[in-house]
Amino acid sequence: MSERPIQVGDLVALLRNHCDNRGVGFIRQVLSIDNRALRCPECRQLSADEGPVAEMEEGVYSPLAWLKRIPPLSELEGEQRREEIEA
């Protein structure tokens, strides 16, 4: 399965966080993506080196590097059918 990059509208799971594990594993929808610098709300450290940032529901921001895209079921079903045809 080809891993498509995260885009606006995708569902994503948070895989890591800066200072603690708060929010890790939560699933949210991506509302926008831009290149802003993030400041950790706990330690106030600036994390500008993480690359593009996704704005998600509930005002949550996270670098794309910390997120895992959850593919829609239609993509997974298509992959399964392709495997059955090739077998």
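Predicted model: local features only at pLDDT ≥ 70, side-chain atom pairs only at ≥ 80, totals over all residues.

**Overall layout.** I looked up the secondary structure and found one helix and seven strands, running β-β-β-β-β-β-β-α from the N terminus on. I then took the contacts between residues at least 6 apart in sequence, and noted that 45% of these join residues at least 24 apart. The accessible surface of the chain came out at about 6,100 Å², with 51% of it belonging to carbon and sulfur atoms.

**Nonpolar core.** The largest nonpolar core holds eight residues, namely I6, V12, L14, V30, A54, M56, W66 and L67. I checked which elements give two or more residues to this core, and these are β1 (11-14) and β5 (53-56). For L14 I listed the contacts beyond four places in sequence, and among them are F26, S62, W66 and L67.

I27 counts as exposed because its relative accessibility is 53%, and together with L11 and I70 it forms a nonpolar patch on the surface, with about 250 Å² of accessible area for the three together. R28 counts as buried because its relative accessibility is 12%, and its contacts beyond four places in sequence include D10, L11, V12 and M56.

**Salt bridges.** How many salt bridges does a search of the whole structure find? The search returned three, and I went through them in turn.

E58 pairs with R28, the closest N and O atoms being 3.4 Å apart. E58 lies in the loop between β5 and β6 (60-63) and R28 in strand β2, so this pair ties together parts that are 30 residues apart in sequence. I noted that E58 is exposed, with a relative accessible area of 70%, whereas R28 is buried.

R69 forms a salt bridge with D10, with 3.3 Å between the closest N and O atoms. This pair links distant parts of the chain, since R69 sits in strand β7 (residues 67-70) and D10 in the segment before β1, 59 residues apart. R69 counts as buried at 4% relative accessibility, and D10 counts as buried at 10%.

R4 and D10 meet through their side chains at 2.8 Å, N to O, and R4 counts as partly exposed at 26% relative accessibility. Through shared partners, salt bridges join R4, D10 and R69 into one network.

Technical notes
Residues numbered from 1 in each chain as written. Heavy atoms only, no water. Core = buried A, V, L, I, M, F, W, Y, C linked by side-chain atoms within 4.5 Å. Buried < 20%, exposed > 50% of the residue type's maximum accessible area, 1.4 Å probe, protein only. Helix = DSSP H or I, 4+ residues; strand = E, 2+ residues; numbered from the N terminus. Contact = heavy atoms within 4.5 Å. Patch = residues over 30% accessible without salt bridge, like charges linked within 9 Å, V, L, I, M, F, W, Y side chains within 5 Å. Areas by Shrake-Rupley, 256 points an atom, 1.4 Å probe, with all protein chains shown as cover. Salt bridge = Lys/Arg side-chain N within 4 Å of Asp/Glu carboxyl O.
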